[in-house]
Every structure is written in C-alpha cells, then in structure tokens.
Amino acid sequence: MPKTNDRRPATEQPSTRIGYGFDSHEFHAGVPLKIGGITLEHDKGLCGHSDGDVLLHAITDALLGAVAAPDIGALFPPSDPKWKGADSVIFLREALKRVHDAGYAVANIDASLILAAPKIGPHASAIRTRVAELLGVHCDRVGLKAKTPEGLNLDSAAIAHVVVLLQRSPQKHSRTKSR
Ligand code: MG
C-alpha cells in the first residue's frame with residue numbers, strides 16, 4: 001500500500017483521476033449574480049464571502065479533489081478578510097495550477113446547476129464558453145445542465161454539482177520532470 005505522501009514519478013501515477021465538487025449559496029437582493037464567471041441579469045445575487053459564484057466554487061473543489069489537494073475553504077478561508085468580495089476566478093486559477101503542477105490536464109468537466117431562477121438556458125453557451133476559457137479547454141469539454149428544484153421548495157439558494165476528469169499530461173506539466 002503506497003504511503004499518503006507518495007511522490008513516485010508521474011509515469012507511475014494513474015493516467016486519469018476524477019474529482020467531484022459541490023457548493024451552494026443563498027440569494028439576496030441587491031447583489032450581482034455571478035455564475036460560471038459571468039454576470040447574469042437578475043433581481044438577486046448569490047451571497048458569499050467572495051463573489052458567491054457557486055459554479056466556479058464547485059469546479060474549484062472538483063479540481064482540488066482530483067489531485068487530493070486541500071479544499072477551497074482551506075486554501076481561501078472565509079475568515080480571511082483578504083477574500084472578501086474576491087473574484088472566484090482567482091480560486092479556480094489556483095486549483096488549475098495545482099492540477100498542472102501535479103502533472104495533469106483537464107479532459108472534461110460536467111456540471112449541474114440547481115436553481116429556481118433565473119433560467120440558465122439562454123446563458124448556458126456564454127457560461128460554458130467562459131468556463132472553457134478559464135480551464136484552457138474547448139467548450140465541447142464543458143457540460144452544463146440546469147435543473148429547477150422540483151419538490152424541494154428551494155427558491156432561496158443555488159446549488160452546483162461538478163465532476164471533472166483529469167488526464168496525465170505530457171512531461172511539460174510534470175512536477176517530477178523539473179526535479
Ligand atoms: Mg462557495
């Protein structure tokens with residue numbers, strides 16, 4: 001059984017890894033609504049210590065989880081005033097850097113958003129395009145579904161679930177190569 005601090009060469013690491021991320025945020029009036037790195041027109045926005053971007057937070061945690069890194073709350077604690085109102089793109093970029101440093105690249109992601117309003121359909125293409133741009137992949141690697149929370153009486157919050165598949169990248173991303 002390998003030790004948890006295993007640092008075997010990347011060639012001995014698995015060729016693929018998966019990650020899963022979940023997040024939720026509450027709607028409040030008078031707050032901009034940011035989902036997937038873009039701002040949507042709506043009378044309420046998602047409240048959080050940062051900009052409340054529920055989708056970017058779930059993607060960030062999926063990426064971090066895939067490489068067994070600390071989660072978003074550990075890396076960017078809400079108790080730190082530094083992250084108050086922060087653009088969640090910062091969190092995503094740090095997670096992606098850790099993925100690359102571990103010797104992996106994003107193969108694809110699949111996300112589900114659960115919220116009563118606004119309708120995501122008209123914005124889905126823009127969200128997928130922005131998320132793909134942030135991840136450095138083609139938008140056909142980014143799946144996005146939006147569900148209304150039927151039967152859950154959940155009008156006050158938005159939820160995001162994300163899975164990500166990583167594939168071992170060529171040597172240029174391998175941290176073992178530079179040692
Ligand atoms: Mg969050």
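Modeller: The structure holds 1 cavity of 30 Å³ or more; a cavity is a set of 1 Å grid points over the protein atoms alone where a 1.4 Å probe fits but cannot get out. This is a predicted model, where local features need pLDDT of at least 70 and side-chain atom pairs pLDDT 80 or more, while totals for chains, interfaces and linings use all residues. Residues are numbered from 1 along each chain as its sequence is written, and side-chain values use heavy atoms, without hydrogens and water.

Colleague: Which elements each supply at least two residues of the lining of the largest cavity?

Modeller: Its lining (residues with an atom within 4 Å of a point) includes Leu-55, Ile-59, Ile-109 and Ala-111. Ile-127, Arg-128, Val-131, Val-142, Gly-143 and Leu-144 also belong to the lining. With helices (H or I, at least four residues) and strands (E, at least two) taken as DSSP runs numbered from the N terminus, the elements that each give at least two lining residues are H1, E5, H4 and E6.

Colleague: What volume does the largest cavity have?

Modeller: Grid points are joined across faces, edges and corners, and the volume is the space filled by probe spheres set on them. For the largest cavity that comes to about 30 Å³.

Colleague: Which residues coordinate the magnesium ion?

Modeller: Donors here are N, O and S atoms within 2.8 Å of the metal (3.2 Å for Na, K and Ca), and sites may look incomplete since water is not among the atoms. In sequence, the spacing of the donor residues is D-x1-H-x31-H. Asp-23 in strand E1 (residues 16-29) and His-57 in helix H1 (residues 54-66) are 34 residues apart, so this pair links distant parts of the chain. At 2.2 Å, the ion is coordinated by Asp-23 (OD), His-25 (NE2) and His-57 (ND1).

Colleague: Is His-57 buried or exposed?

Modeller: Buried means under 20% relative accessible area, exposed over 50%, and partly exposed in between (1.4 Å probe, protein chains only). Asp-23, at 16%, counts as buried. With a relative accessible area of 7%, His-57 is buried.

Colleague: Which exposed residues does H4 carry on the face turned away from its buried side?

Modeller: In H4, the buried residues are Ala-124, Ile-127, Val-131, Ala-132, Leu-134 and Leu-135. They sit on the same side of H4 because they cover an arc of only 160 degrees around the axis, taken from the directions from the helix axis to the C-beta atoms. The face turned away carries Ser-125 and Glu-133.

Colleague: Which residue follows H4?

Modeller: Its phi is positive, near 75 degrees. The residue is Gly-136.

Note on methods: On a 1 Å grid over the protein atoms alone, a cavity is a set of points where a 1.4 Å probe fits but cannot get out, and a pocket is an open set with protein on both sides within 12 Å along at least five of seven lines; lining residues have an atom within 4 Å of a point.
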